Amino acid sequence: MKKLLILGGGTAGWMAANLLNHHLGGKNPQQQKHEAWQITLVESPQIGIIGVGEGSTPQLKKFFDLLGITESEWMPACHASYKNGISFLDWSENAQNNRYFHPFPSPFDRQTAAAFLYHCQMRSRGMDVAVNPDNFFLTAKLADLKLSPKPFDGKPQLPLNYAYHFDSGKLGEFLGKHAVANGVVHISGTMKSVNQRKDLSIQSIELESGERHEADIFIDATGFNSLLLQGALNVPFEDFSCNLFNNRAVAIPSARQDKIGSETKATALSAGWSWQIPLTNRTGNGYVFSDRYITPEKAEDELRLQLKNNNDTYKNEAKHLKMKVGQVQQHWFKNVVTVGLSQGFIEPLEATALHLVQETIQKLVASLQAPNFASNEEEVKRTFNDDIRQRFEGVRDYIVCHYKMNSRTDSDYWIDNRENTNISPKLSEVIDVWHSKKDISEVLTKNNMTQYYPVISWYCLLAGYGAFAPVSSANKLPASQMKQLEQYIMRNTKNFAPHNVSLGLEV
């Protein structure tokens, strides 16, 4: 049996362990077609995790569905809540565009999304029509009313895509127990040294206890330290600081909301933005910022002031974090594959961290099981590295677009972000096409950017910021059309339960 060793636990390490064990472990009936692997995870009891509360994309639901883990099993254990999408507040100085909602596209949205795209086309031609995404998507209204994406009867005709909020520390613990129960070997210990072969690939790791563990493939899940890939193998890191300015964060928890929200809130502050993530036991709050524009101490003061103005009951302790934004130049080098913070990090604006872990592991599994892996391993690795690098770059471009399109003038931070010319040619082309009042669908498809965010998400971002030329036409669409659409959405909200009820906090 081949051996695969994961160094590092946390959410990323244990997510990797579960996925790899599901696809490659000996207990999987489908694994009869391929050679089974023994999956081992080595975790240091001396190294804490960053966990400050986290959000996800809808892909996390697919992860749990794949493993056969129900929401009733994992959500209470991780203080989890449902997430309809993300509200962006105060990223624009235009009073009509100082907030917008980024939904997760669902089958239900087909008709209303078509109306939204049509309105965007009319607005680009100078007509005075509604273009804020909040008015066109059911999940935006569900979030506004603090309703769950789960219907009363559990069987909607058109199911909604949704994500989760959760305590990342608790999620790591839960996934660890599930992995061990299903055959993953868990070793508690701290790595002391790495033993390499002549070709520089890793033969084994030695723990402080003196134990030595060999493996055919190593997964580096050691966080920003990246002890194996960047440490032992010296794979360079590509810094994204010229594209994304934020490099620090401060987190302060506050009391649980009486009526728990079903959205993440991302609010622009003087030198970055704050998150609000509602859990069932508390509310996660934080401020992602650039220390080129504000000191950590002043950032903490600004976050506390925001919490005070929101009448949030917050605790005194604050956790300060440093962020290393970018990605490694090779995600798979020799016999080491890296996941989580070890492979890179793009700030948490769209909650893509676990999405990137899932994509990396799923791609690794497909690569190991590829018919040509044994005969052409280096080519398989090149394809893997190209795919993961492009995914990081695709997510980066979408995040950068938020900053590039802001219209705030109250601080150098926001002005510098808007005037920053260090953006990718692909993103530059999208923005140019948008400003030329043309449909951006074609350029997004040509540049393979819809693999990472669908066309509708790009329209929500650009229209949400009100990135249009001034109204130049007296023509308007009949008011009755918007009224009918709003009534249609409101009627459908009656099918969905209050968030607290779906979470089992109220009857």
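Helix α12 (residues 425-435) and helix α14 (residues 455-464) approach one another with their axes within 12 Å, crossing at roughly 60 degrees. That angle makes α12 oblique to α14, because only values of 65 to 115 degrees count as roughly perpendicular and those under 35 degrees as roughly parallel. The crossing of the two helices is right-handed. These features belong to a predicted model.

On the side of α12, the contact is made by L427, V430 and W434; α14 contributes W458, Y459, L462 and A463. By residue class, the contact of α12 with α14 comprises seven nonpolar residues, with no polar and no charged ones.

A second element of the predicted model is an open sheet of three strands, arranged in the order β10-β11-β12 with antiparallel pairing. Its edges are formed by β10 (191-196) and β12 (212-214), each of which pairs on one side only. Neighbouring strands of the sheet are turned against each other by 25 degrees on average, direction ignored.

Strands of a sheet pair through backbone hydrogen bonds, in either a parallel or an antiparallel manner. In the present sheet, the edge strand β10 is joined to β11 (residues 202-207) by five bridges, and these two strands run antiparallel. Within this pairing, V194 stands opposite I205 in β11.

Definitions and conventions
Residues are numbered from 1 along each chain as its sequence is written. This is a predicted model: local features need pLDDT of at least 70, side-chain atom pairs count only at pLDDT 80 or more; totals for chains, interfaces and linings use all residues. Side-chain values use heavy atoms; hydrogens and water are left out. Two strands pair if DSSP finds at least two bridges between them. Helices (H or I, at least four residues) and strands (E, at least two) are DSSP runs, numbered from the N terminus. Axes are lines fitted to C-alpha atoms, for helices over the stretch in contact, and angles run from 0 to 180 degrees between N-to-C directions. Angles under 35 degrees count as roughly parallel, over 145 as roughly antiparallel, 65 to 115 as roughly perpendicular and the rest as oblique. A crossing is left-handed if the near helix is turned anticlockwise from the far one by less than a right angle, and right-handed if clockwise. Contact means heavy atoms within 4.5 Å. Ala, Val, Leu, Ile, Met, Phe, Trp, Tyr, Cys and Pro count as nonpolar, Asp, Glu, Lys and Arg as charged, and the others, Gly among them, as polar.
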